[in-house]
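Open the model in your viewer and keep the sequence panel beside it. Each stop below gives a selection and what to look for.

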Amino acid sequence: MKIVELIYSLSIGGAERLVVDLCNELAKNGTDEIVLLTVCDSRLPENVKLLPCLSKTVRFESLHQPNNISVKSILAVYTFLKKEKPDVIHCHSNIILIYIPLLLLKCKYKHTLHSTPDACLRYKWQKGVNRYLYKNKVQPVTISKECSTIYRRLYGLENDTVITNGRTPLTRTTEAPADMPKNTNGYTFIHIANCTPAKNQERLFRVFGRLQEEGVAFDLFCLGMYYEKYQARFTNNKQIHILGAKSDVAPYLSFSDFFVLTSDYEGMPISLLEAISLGVVPISTPAGGVTDIIRDGANGYLSEGFDNNSLYAKLKQAIHEHGRISRKALIDEFNERYSIKICANRYNKLYR
């Protein structure tokens with residue numbers, strides 16, 4: 001069986017990380033040909049940040065298109081797929097990229113919505129087209145119960161398959177990274193996300209600014225891209241550190257007490273799975289699929305709402321109860337529910 005996994009690029013992001021892990025795991029059986037196809041130009045370094053993580057048993061192809069959806073890029077996807085004649089086309093980007101193949105090429109089509117389904121609509125007119133395609137041409141995959149609920153309400157369909165995201169478990173390191181000095185007098189928080197409106201980093205910095213004003217001993221490390229507007233603001237801050245994008249987050253998580261998310265909406269964040277794979281206690285707003293993972297007070301802390309006061313209260317609770325949630329229990333839960341092996345097995349069954 002030839003399976004094409006389609007995504008915009010291999011820049012650093014949750015969906016991109018999932019696709020790389022999924023391809024690597026699917027290729028292990030040795031019976032299928034796995035092709036990872038990116039639309040964006042792979043000659044640009046920012047578009048192949050995760051390429052070194054891809055197994056040599058996975059065939060990598062790039063269409064070398066600009067970093068935006070265009071008629072040219074849609075036609076390039078069709079031309080490639082027409083030549084390849086895959087058995088399965090699995091789209092991890094906006095479904096508009098496979099509109100033409102859906103009409104002209106016969107094979108199995110799967111589309112994973114990596115965020116809440118309403119957030120996946122790039123254009124207003126897409127809703128009607130997508131509904132027709134999901135009903136008649138392509139199998140939609142949602143990544144959490146919350147995303148499934150939104151999909152069914154949005155499209156009036158109940159035909160999605162829920163496949164929870166998975167991740168290759170990270171390996172704990174014994175030495176802290178050079179740009180992450182360990183603060184032995186306080187608590188270490190880590191935030192792993194690109195700086196985008198959905199992640200609401202302004203909320204993150206406001207809440208930790210309040211902790212700082214109250215004299216709480218902590219260090220907050222932020223990993224990700226697009227923090228330029230905050231760089232000057234925190235250049236000389238002794239507690240809030242913006243470190244940029246990292247292809248390997250394990251060394252940073254290995255020396256963190258808490259993982260923090262402040263998102264307005266989420267699908268099922270890979271960074272959250274990475275954190276619990278190393279037993280780092282999560283604290284988050286109740287965004288999308290996060291609520292499927294975190295059980296407040298049991299395996300992490302979930303704020304009651306999205307306001308700053310709710311999140312601040314959970315940060316204070318987590319600090320007060322530090323050590324109560326077992327790292328081992330978090331790691332065991334990851335292995336039982338969120339490993340990439342479990343996720344890939346579910347996709348494999350769906351393909352067949």
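Buried means under 20% relative accessible area, exposed means over 50%, and partly exposed lies in between (1.4 Å probe, protein chains only). This is a predicted model: local features need pLDDT of at least 70, side-chain atom pairs count only at pLDDT 80 or more, and totals for chains, interfaces and linings use all residues. Residues are numbered from 1 along each chain as its sequence is written, and side-chain values use heavy atoms, with hydrogens and water left out.

**Stop 1: strand β5**

Select residues 108-113, strand β5. Helices (H or I, at least four residues) and strands (E, at least two) are DSSP runs, numbered from the N terminus. Of the 6 residues in β5, 5 are buried.

Two strands pair if DSSP finds at least two bridges between them. Look for V88 opposite K108 of β5. From β4, the chain passes through helix α3 (residues 99-104) to β5 in a right-handed β-α-β crossover. Right-handed means that, with the strands pointing away from the viewer, the path from the first strand over the helix to the second runs clockwise.

Now show residues 139-142, strand β6. β5 and β6 run parallel, joined by 4 bridges. L113 has T142 of β6 as its bridge partner. Helix α4 (residues 126-136) carries the chain from β5 to β6, again in a right-handed β-α-β crossover.

**Stop 2: salt bridges**

Side chains of opposite charge can pair when their charged atoms come close. A salt bridge here is a side-chain nitrogen of Lys or Arg within 4 Å of a carboxyl oxygen of Asp or Glu. The structure holds 21 of them.

Select E274 and R167. Their closest N and O atoms are 2.8 Å apart. E274 sits in helix α9 (residues 270-277) and R167 in the loop between β7 and β8, 107 residues apart. E274 is buried at 5% relative accessible area, and R167 is buried at 6%.

Next, pick E266 and K199, a salt bridge at 2.6 Å, N to O. These two residues lie 67 residues apart in the chain. Both E266 and K199 are buried.

Move to helix α12 (residues 327-337). E333 and R337 form a salt bridge there at 3.4 Å, N to O. They are 4 residues apart, so about one helical turn separates them. Is R337 buried, exposed or partly exposed? R337 is partly exposed, at 38%, whereas E333 is buried, at 10%.

Finish with K2, E33, R59, E61 and E84, which salt bridges with shared partners join into one network.
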